[in-house]
Amino acid sequence: MAALVAALLIHATDRTPWLIAVLGARYRQHLLVMAGAIIALATLNTLAAIGGATLAPRLTPNARALFLALALGAAGLGCIGSLKPPESLEKWRTGPLFTPIIGVAVLGFGSAQFIAMALALRAGTPVFAAIGATIGGGVITGAALALGPDGVAGLRTRAVRVPLGVVLMLVSLGFGLSALRLV
């Protein structure tokens, strides 16, 4: 559940829905664009969860909590910083299924995948972290396709991104202080 909520919040203000909204407007085949985005998100989240599961036995519980604090802090800083537009992939001729797969993969590991990795590492349930993060990203992707590029633009405003970043950094601070046994 934590991965789902984190993915919902972080992807809502990320470049992924921006890219998917642009591709949906260009191709007008929303099911194929959505399928491509889900395939890419599932792949990235699965890799992140596998990475978390691989690291989990090597870290102490406090180190796991500190890893989650760092992931949340990085996501918070990412929300406060400026957001560059994603590549429009306008000249790509890979079609409505493969363009979102490649486009989302090119955006690479983002904050949502970093948090999915940290949650898989902390909770020890990588499958649920990957599934939750994929569902959360999928919901935002579907909303981006429905809203279109103009509707998604409202999520990129500083009025939305900065408060979310502050909340993420405060939660990060709580986990960090707890991990260091200061609270």
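By class, nine nonpolar, nine polar and three charged residues line the largest pocket. The model is predicted: local features need pLDDT of at least 70, side-chain atom pairs count only at pLDDT 80 or more, and totals for chains, interfaces and linings use all residues. Residues are numbered from 1 along each chain as its sequence is written, and side-chain values use heavy atoms, without hydrogens and water.

Select Asp14, Arg15, Leu83, Gly110 and Ser111, the closest to the centre of the largest pocket among its 21 lining residues. A pocket is an open set of points on a 1 Å grid over the protein atoms alone, where a 1.4 Å probe fits, with protein on both sides within 12 Å along at least five of seven lines; lining residues have an atom within 4 Å of a point. Its volume is about 310 Å³. H4 gives the largest share of this lining, three residues.

Next, select helix H5, residues 95-107 (helices are DSSP runs of H or I, at least four residues, numbered from the N terminus). H5 supplies at least two residues of the lining of the largest pocket. Within H5, colour Gly95, Pro96, Thr99, Pro100, Gly103 and Val104, which are buried (under 20% relative accessible area, 1.4 Å probe, protein chains only). They cover an arc of only 165° around the axis, so they are on the same side of H5.

Finally, select Ala2, Ala6, Leu72, Val171 and Phe175, which lie nearest the centre of the second largest pocket. Its volume is about 190 Å³.

Conventions:
The expected span of a helix is 1.5 Å times one less than its number of residues. Buried means under 20% relative accessible area, exposed over 50%, partly exposed in between (1.4 Å probe, protein chains only). The arc is that of the directions from the helix axis to the C-beta atoms. Grid points are joined across faces, edges and corners, and a volume is the space filled by probe spheres set on the points. Ala, Val, Leu, Ile, Met, Phe, Trp, Tyr, Cys and Pro count as nonpolar, Asp, Glu, Lys and Arg as charged, and the others, Gly among them, as polar.
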